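Work through the exercises below with the structure in view. Try each task before reading its solution.

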Amino acid sequence: MKVWLQEMRWEEVRDHLQKDDVVIIPVGSTEQHGTHLPLGTDSMVAIALAEDAAKEAGALVAPPIWFGWSPHHMAYPGTITIRPETLIELIMDVCRSLIYHGFHRLIILNGHRVANMAPLTIAATRLREQTGAYVAVADPFFIGDRIGREVRESEPGGLGHADELETSHLLYFTGELADMSKARKRIGAVGRFCYFHLHDPLIEADSVFLSSTAEEFKRKTAPTGVSGDPTLATREKGERYHRAVVENLVALIEEARATNVSIKGTEIPV
Ligand SMILES: [Zn+2]
């Protein structure tokens with residue numbers, strides 16, 4: 001069975017909608033991922049998870065969105081960032097188009113972790129209020145929280161960016177794009193106030209949000225762009241993580257199907 005919308009013909013979409021109305025929208029980023037991972041890592045993560053979950057659950061996947069909110073990563077070449085307002089509007093137009101055609105249960109699958117979450121949750125909240133559709137935002141880091149804690153071996157600060165988990169995951173589904181000979185550990189000094197600013201979401205600690213400018217980010221992550229410890233990454237960890245997250249996504253799709261939806265707005269975005 002085909003799962004990607006862009007590979008289908010319109011009559012196939014029409015026929016599929018007679019039976020099911022769930023669609024996954026993968027969203028990622030194009031941004032530096034250290035010297036060992038490709039720029040498209042976040043998008044590839046969302047694509048791989050969406051494809052496997054959709055195959056298992058019999059759902060469809062919309063064309064992926066390869067851009068996210070990445071201003072701090074502009075410190076390294078190749079990064080493309082779009083403004084959060086652009087991302088909100090883009091997601092809303094894509095989802096409104098899908099809702100118009102009868103996809104009434106939508107799962108936005110974010111591979112870019114916390115940076116995309118604010119714009120995506122704003123878009124999802126507006127869409128639910130305005131259309132009545134079921135619109136959920138799932139991020140592997142959060143929908144895979146328990147398996148992430150189980151799998152990780154790194155010290156506090158070992159997860160951040162291009163880290164142990166993210167590298168393990170990419171090694172699992174497209175390992176040929178990684179160069180592990182270039183993977184370097186980079187964990188900032190653990191000082192008196194450090195825990196407030198750890199970027200590691202799987203560590204129990206009190207924290208505050210303080211964004212980094214591109215210059216500060218470069219200083220904190222030089223010379224590779226990594227935050228965390230990718231040297232502990234393995235394909236096996238990535239496989240365990242991937243399977244558990246796919247399982248949770250399938251459960252989320254079932255939940256969406258079991259949820260009553262009453263559509264109130266199906267305008268064409270103009
Ligand atoms: Zn990433």
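A patch is made of residues with over 30% relative accessible area and no salt bridge, and nonpolar side chains are joined within 5 Å. Keep in mind that this model is predicted.

**Exercise 1.** Find the residues that make the nonpolar surface patch of about 250 Å².

Solution. The patch is made by W66, F67 and I80. Take F67 as the example. F67 sits in the loop between β2 (60–61) and α3 (84–101). Its relative accessible area is 33%, so F67 counts as partly exposed.

**Exercise 2.** Classify the aromatic pair by the angle between its ring planes.

Solution. Start with the cut-offs: ring centres must lie within 6.5 Å, and planes over 60 degrees apart count as edge-to-face. The count comes to 1 aromatic pair. The ring centres of F141 and F142 are 6.3 Å apart and their planes stand at 80°, so this pair is edge-to-face. Now check burial. F141 has a relative accessible area of 4%, which is buried. F142 has 43%, which is partly exposed.

**Exercise 3.** Locate the charged side chains that lie over the rings of F141 and Y76.

Solution. Over the face of F141 lies R113, 3.7 Å from the ring centre. For Y76, look to K218: its charged end sits over the ring, 5.0 Å from the centre.

**Exercise 4.** List the protein donors of the zinc ion and give their spacing.

Solution. The donors are H33 (NE2), D42 (OD) and E166 (OE). They lie 1.9 to 2.1 Å from the zinc ion. Along the chain, the donors follow the spacing H-x8-D-x123-E. Both H33 and D42 are buried.

Terms used
Residues are numbered from 1 along each chain as its sequence is written. This is a predicted model: local features need pLDDT of at least 70, side-chain atom pairs count only at pLDDT 80 or more; totals for chains, interfaces and linings use all residues. Side-chain values use heavy atoms; hydrogens and water are left out. Rings of Phe, Tyr and Trp (its six-membered ring) pair if their centres lie within 6.5 Å; planes under 30 degrees apart count as stacked, over 60 as edge-to-face and the rest as tilted. Buried means under 20% relative accessible area, exposed over 50%, partly exposed in between (1.4 Å probe, protein chains only). A charge sits over a ring if NZ of Lys or CZ of Arg is within 6 Å of the ring centre and within 35 degrees of the ring normal. Patches are made of residues with over 30% relative accessible area and no salt bridge: like charges are joined within 9 Å, nonpolar side chains (Val, Leu, Ile, Met, Phe, Trp, Tyr) within 5 Å. Accessible areas come from the Shrake-Rupley method with a 1.4 Å probe; for residues, only the protein chains shown count as cover. A salt bridge is a side-chain nitrogen of Lys or Arg within 4 Å of a carboxyl oxygen of Asp or Glu. Helices (H or I, at least four residues) and strands (E, at least two) are DSSP runs, numbered from the N terminus. Donors are N, O and S atoms within 2.8 Å of the metal (3.2 Å for Na, K and Ca); water is not among the atoms, so sites may look incomplete.
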